[in-house]
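Subject: The structure I promised you

Hi there,

Here is the structure we talked about, so please open it next to this email. After it you will find a walk through what turned up.

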Amino acid sequence: MWLVIIRHAKAEDALDFARTGQPDARRPLTDSGRKRMRRAVAGLIREVEFIDVLASSPLLRARQTAEIVAEAYVGRTVIELDLLAPGGEPEQLRAWLRGQRDDVVVAIVGHEPDLK
């Protein structure tokens with residue numbers, strides 16, 4: 001298996017967003033974050049021709065990032081995995097990855113510092 005690890009694109013400032021009263025899980029990408037991710041994915045697609053499995057944290061900013069990746073890799077759908085949310089258990093992620101076929105390219109979209 002090939003594993004591609006993607007940190008979500010630039011999101012709205014956490015403190016500013018907190019003032020809206022909405023939960024952090026709903027914090028979206030910025031316009032510049034979306035644009036930069038589209039450029040980054042254009043480079044990624046030159047290095048990684050296809051992605052078989054695309055999984056994302058359920059938080060909005062990660063999901064939006066994964067959707068940008070899915071647009072570039074036409075036909076990919078995004079699987080939401082709670083275990084990719086902040087504070088997810090690394091062993092659960094490893095178990096999920098072990099459950100994937102050996103001959104696939106898996107891309108995961110999550111958060112720092114959890115993806116380190």
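Asp103 has a relative accessible area of 56%, so Asp103 is exposed. Arg101 counts as exposed as well, because its relative accessibility is 54%. Please keep in mind that this is a predicted model.

**Salt bridges**

Why might such pairs form at all? Side chains of opposite charge can pair when their charged atoms come close. The structure holds ten salt bridges, and here are some others to look up.

One of them brings together the side chains of Asp24 and Arg61, at 2.8 Å from N to O. Asp24 sits in the loop between α1 (14–18) and α2 (31–47), while Arg61 belongs to helix α3, so this pair ties together parts that are 37 residues apart in sequence. Asp24 is partly exposed, with 35% relative accessibility, whereas Arg61 is buried, at 3%.

Another salt bridge links Arg98 to Glu91, where the closest N and O atoms are 2.7 Å apart. With 56% relative accessibility, Arg98 counts as exposed. Glu91, at 41%, counts as partly exposed.

Elsewhere, salt bridges that share partners join Asp24, Arg27 and Arg61 into one network.

**Helix α3**

Helix α3 covers residues 60–72, and Thr65 is found in it. Is Thr65 buried or exposed? Thr65 is buried, because its relative accessible area is 0% and the cut-off for buried is under 20%. If we leave out residues up to four places away in sequence, Thr65 touches Ile6, Arg7, His8, Ala9, Leu29, Met37 and Val109.

Ala72 is also in helix α3. Ala72 counts as partly exposed, with a relative accessibility of 31%. Apart from neighbours within four places in sequence, Ala72 is in contact with Val41 and Ile45.

Ile5 lies in strand β1, which runs over residues 2–7. At 48% relative accessibility, Ile5 counts as partly exposed. Together with Met1 and Leu3, Ile5 makes a nonpolar surface patch of about 260 Å².

Ala107 is placed in strand β4. Ala107 is buried, with a relative accessible area of 0%. Which residues is Ala107 in contact with, leaving aside its neighbours within four places in sequence? They are Val4, Ile6, Ile51, Val53, Leu54 and Ala55. For one more distance, look at Ala107 and Arg38: they are 69 residues apart in sequence, and their C-alpha atoms are 16 Å apart in space.

**The segment after β4**

Strand β4 covers residues 105–110, and Pro113 is found in the segment after it. Glu112 and Pro113 are joined by a cis peptide bond, with an omega of about 0 degrees. Zoom in on that bond when you have a moment.

**The largest pocket**

How much space lies in the largest pocket? The answer is about 230 Å³. Its lining is made up of 15 residues, and those lying nearest the centre are Pro90, Leu93, Ile108, Asp114 and Leu115. Both β1 and α4 (90–98) supply at least two residues each to this lining. Which of the elements gives the most to the lining? That is α4, with four residues.

If you want an order to follow, begin with the salt bridge between Asp24 and Arg61. From there, move to Thr65 in helix α3, and then to Ala107 in strand β4. Finish at the largest pocket, where α4 gives the most residues to the lining.

Best wishes

How values were computed: Residues numbered from 1 in each chain as written. Predicted model: local features only at pLDDT ≥ 70, side-chain atom pairs only at ≥ 80, totals over all residues. Heavy atoms only, no water. Buried < 20%, exposed > 50% of the residue type's maximum accessible area, 1.4 Å probe, protein only. Contact = heavy atoms within 4.5 Å. Patch = residues over 30% accessible without salt bridge, like charges linked within 9 Å, V, L, I, M, F, W, Y side chains within 5 Å. Areas by Shrake-Rupley, 256 points an atom, 1.4 Å probe, with all protein chains shown as cover. Salt bridge = Lys/Arg side-chain N within 4 Å of Asp/Glu carboxyl O. 1 Å grid on protein atoms, 1.4 Å probe; cavity = no way out; pocket = protein on both sides within 12 Å on 5 of 7 lines; lining within 4 Å. Points joined across faces, edges and corners; volume = space filled by probe spheres on them.
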